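Visitor: I am new to this structure and would like to learn how to read it. Please take me through its features one at a time.

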Amino acid sequence: MIFHATEISGFIALFLYASFFEWVLHRFLMHQLVWSYPFKSHALVHHGIFRSGPTYFLSQGEDLKLGKIRFAWWNAPLILGLHIPLLLWIQRLLHMNIFFGGMAALGLYYFFYEYLHFCMHVPKERWIEKTAWFSWLDSHHHMHHKRHFNNLNVVLPLADLVFGTLIPARDRLAVPERPGKALTLARALPQARP
Ligand SMILES: [Zn+2]
Ligand SMILES: [Zn+2]
């Protein structure tokens, strides 16, 4: 498969843009009562269940709360779909083939948001959780659960840096203190019994 330079430029530009889109969406729709659905499901429900400290993690027997971490399924086609006319318009304006690279960047950013955010609240000693990059992002998000109007990016904190909402990420809970680890062990135990 051959990737053209314009598609790669489109990918990079839209990945960076996604950081700002995420920030605006998080700040103004998910933490401010403009539209009741995102405000209720995020600011009230997600932040109401997952707070800072040990309640940042999903505990044993709380499987019903799994759905309070991920976005509803229809959010992805809605968010990505809204960008289709915008990208086609920019592509026409610039006379550059950026559409597929740009859409790939938005799709990947969305996937990263969902996956990383899930791993943050439901730790299971995945290889990714042991990387320095994830550790930093996890602490960054933990601080957001402490101070709701700071650290609004989950994937790429570029917009937090530009808009001055970045606060030091230093409060990552140590692995042994994590209920997620206990959850993993508790689930592994019944299988180990004869
Ligand atoms: Zn969260
Ligand atoms: Zn939030």
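Guide: A term is needed before the rest. Helices (H or I, at least four residues) and strands (E, at least two) are DSSP runs, numbered from the N terminus. The model is predicted, so local features need pLDDT of at least 70 and side-chain atom pairs count only at pLDDT 80 or more, while totals for chains, interfaces and linings use all residues. Residues are numbered from 1 along each chain as its sequence is written, chains are lettered from A and ligands numbered from 1 in the order in which they are written, and side-chain values use heavy atoms, with hydrogens and water left out.

Visitor: What volume does the largest pocket have?

Guide: Rolling a probe the size of a water molecule over the atoms shows where empty space is left. On a 1 Å grid over the protein atoms alone, a cavity is a set of points where a 1.4 Å probe fits but cannot get out, and a pocket is an open set with protein on both sides within 12 Å along at least five of seven lines; lining residues have an atom within 4 Å of a point. Grid points are joined across faces, edges and corners, and a volume is the space filled by probe spheres set on the points. Here the largest pocket has about 440 Å³. Its lining has 24 residues, and Tyr-37, Pro-38, Ser-41, Phe-71 and Asn-75 are the closest to its centre.

Visitor: Which helix gives the largest share of that lining?

Guide: That is α2, with six residues. At least two residues come from each of α1, α2, α3 and α4. By class there are 16 nonpolar, six polar and two charged residues; Ala, Val, Leu, Ile, Met, Phe, Trp, Tyr, Cys and Pro count as nonpolar, Asp, Glu, Lys and Arg as charged, and the others, Gly among them, as polar.

Visitor: How many cavities of 30 Å³ or more are there?

Guide: The count is one. About 180 Å³ of space lies in the largest cavity. It is lined by 14 residues, with Phe-21, Glu-22, Ile-79, Tyr-109 and Tyr-110 the closest to its centre. The elements giving two or more residues to this lining are α1 (5–30), α3 (75–94) and α4, and the largest share, six residues, comes from α1. The lining divides into eleven nonpolar, two polar and one charged.

Visitor: At what angle do α4 and α5 cross?

Guide: Axes are lines fitted to C-alpha atoms, for helices over the stretch in contact, and angles run from 0 to 180 degrees between N-to-C directions. The axes of α4 (residues 99–121) and α5 (residues 132–146) come within 10 Å and cross at roughly 75°. That makes α4 roughly perpendicular to α5; angles of 65 to 115 degrees count as such, under 35 as roughly parallel, over 145 as roughly antiparallel and the rest as oblique.

Visitor: Which residues meet there?

Guide: Contact means heavy atoms within 4.5 Å. Leu-116, His-117, Cys-119, Met-120 and His-121 of α4 meet Trp-133, Phe-134, Leu-137, Asp-138, His-141 and His-145 of α5. These residues divide into six nonpolar, four polar and one charged.

Visitor: What is the phi of His-95?

Guide: Most residues other than glycine have a negative phi. His-95 is not a glycine, yet has a positive phi of about 55°. His-95 sits in the loop between α3 and α4.

Visitor: Is Asn-151 buried or exposed?

Guide: Buried means under 20% relative accessible area, exposed over 50%, partly exposed in between (1.4 Å probe, protein chains only). Asn-151 is buried, because its relative accessible area is 0%. Asn-151 also has a positive phi, of about 50°, and lies in the loop between α5 and α6 (158–163). His-95 counts as exposed, at 73% relative accessibility.
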